[in-house]
Each structure stands twice: as C-alpha cells, then as structure tokens.
Amino acid sequence: MIEIKLENAAKRFQYEWIFRNLNLTIHAASKLAITGSNGSGKSTLIKAIAGLSPVTEGSVSYFLEEKKISTEEIFNHLTISAPYLELPEEFSLIELLNFHFKFKVSIPGFSFEKMIGEMYLNGHENKPISQFSSGMKQRLKLGLCFFSQVPLILLDEPTSNLDQKGVDWYLSLIEKFSSSRTLIICSNDPREYQSCNNIIKIEDYKIKQKL
Ligand SMILES: Nc1ncnc2c1ncn2[C@@H]1O[C@H](COP(=O)(O)OP(=O)(O)OP(=O)(O)O)[C@@H](O)[C@H]1O
C-alpha cells in the first residue's frame, strides 16, 4: 500500500501560482477527491502527484509499505487515466493489452479475455483503437487502470464520454477493485467521487500574486 506526502507543495506557471502551501498526507488505501472549478489546477496537481510535472516548491514523497521511493520510480506503482493522456491509436485492443501488460502485472485471475468482457469490448479484439468510440476508449482507459496490480490509481475526469450505464459501470469498478489501493480522483462531478472519504478544493490552496 502506498502513502503520499505533500509538503509545502507549490506549482507556478509563468507568473501564476496554481497552488501553494499545500500540506497533505494521502494515507495508504484512502480515497481522495481533488475538486475545483475549470482551470483551477486539478490536473496540474494530479500530474505533480504522478511525477509527470515537478512541483516548483516543496516536495511530493511516496512511501510504499513505509519504504520511501523516488519520483523516478513512482510510475511503476501507479496507473493513470486522463483526457490528455491518449491511447496508442494504431494498436488493436489485443496489441494494446499485450503492450500494457509487458510493464504492469494484471490483478489475480484476470486473463485478457476476462478483462475484455469486463470492459464490454467483446468482439473488438482486433479493431484498431482509432476506430473505438469515445465511450469505448474511456472504458478501456479505466479498465487498464483497475486491472493492473498497482497500489495507486489516479483518475482525472473518469466518467467523461460515459453514458449513465458507463457511469454505473465505473462506480462498480471502484467498489470491486479499489479497496486496498490509494485512489485519487480529479472531478467536478459529485457522482464521480462519491466513494471518497477526503475531499480537497484546489481553490483553498490558490494564491494569485505577481512576482
Ligand atoms: N503547461 C502549462 N503551461 C502554462 N500554464 C498551464 C500549463 N498547464 C496548465 N496551465 C494553467 O494552469 C491552470 C490550471 O489548469 P488545470 O488544467 O490544472 O486545471 P483544471 O482544474 O484541471 O481544469 P479543468 O476542470 O478545466 O480540467 C490553467 O490556468 C492552465 O492554463
């Protein structure tokens, strides 16, 4: 299980502080929602937690079973789904699963066949991802996150492009597959983060100032 500590974390783009003085411990297996209005900095914060974009000030530390691990290593222990992270469109579904699971281990008992069934993608095994609908792509992104055996799952706008049936399916994924994992969700939609026991508002850490 993984714990994350942000200490005086801050991010600045040019002259704008997106967040500042952020002190937060995300406990192992807890469920955190990062909320805030459009453009407030939710994605910026989740990217900093994922190690995709470094903080300008302060630090983000990771503790896997209480052992500190570096920002360079954290990618091995997480999966992330976000609108700005595209799937490789030229791969077929089977090719993508083969590729993804060269780097990640699947959760116990999950063959590709079972994953495809759980994502409601039967019959599309050899279709290129470029020909998937936006809802199919979103189910695939979420499936790759939950069916990988990692202690940290990061979701940015998890139900974008999903219809009501898809939203219910997403909620069932959380219920079935997130119990012993740390889950962080960026969202403006309370349906998406109803499972979260900790909710922060990015505006509470936003100080605009000219340098
Ligand atoms: N690479 C970048 N360079 C400069 N500014 C950036 C960069 N990335 C994000 N920003 C700015 O940071 C602010 C926060 O953006 P971010 O995408 O984190 O917001 P958000 O809360 O996720 O928004 P939304 O709800 O619309 O997805 C915005 O003003 C955005 O223009």
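**Close-up 1. Contacts of I184 in the predicted model.** I184 touches I26, L32, I34, I46, I49 and L154, leaving aside residues up to four places away in sequence. This is a predicted model. I184 belongs to the largest nonpolar core, which has 49 residues. Those with the most contacts inside that core are I34, I46, I49, I153, L154, I184 and I185. In soluble globular proteins, nonpolar side chains tend to be buried together.

**Close-up 2. V60 and its surroundings.** V60 sits in strand 4 (residues 57–64). A residue is buried if 20 or more other C-beta atoms lie within 10 Å of its own. V60 has 21 C-beta neighbours inside 10 Å, so V60 counts as buried. V60 touches I4, L6, A9, A48, I49, V55 and T71, again not counting residues up to four places away in sequence. Take A9: 51 residues separate A9 from V60 in sequence, yet their C-alpha atoms are 7.0 Å apart in space.

**Close-up 3. Helix 4 beside helix 5.** Helix 4 covers residues 134–146, and helix 5 covers residues 164–177. Their axes come within 11 Å and cross at roughly 5°. Angles under 35 degrees count as roughly parallel, so helix 4 is roughly parallel to helix 5. From helix 4, G135, R139, L142 and F146 meet G166, Y170, L173 and F177 of helix 5. By class, this contact has five nonpolar, two polar and one charged residues.

**Close-up 4. The shell around the ligand.** Around the ligand are F13, I18, G36, N38, G39, S40, G41, K42, S43 and T44. By class, the shell has two nonpolar, seven polar and one charged residues. Helix 1 (residues 42–50) gives the largest share, three residues.

Conventions
Residues numbered from 1 in each chain as written. Predicted model: local features only at pLDDT ≥ 70, side-chain atom pairs only at ≥ 80, totals over all residues. Axes fitted to C-alpha atoms, helices over the stretch in contact; angles between N-to-C directions. Helix = DSSP H or I, 4+ residues; strand = E, 2+ residues; numbered from the N terminus. Parallel < 35°, antiparallel > 145°, perpendicular 65-115°, else oblique. Contact = placed C-beta atoms within 7 Å. Nonpolar A, V, L, I, M, F, W, Y, C, P; charged D, E, K, R; others polar. Core = buried A, V, L, I, M, F, W, Y, C linked by C-beta atoms within 7 Å. Buried ≥ 20, exposed ≤ 12 C-beta atoms within 10 Å, placed from the backbone. Near = placed C-beta within 6 Å.
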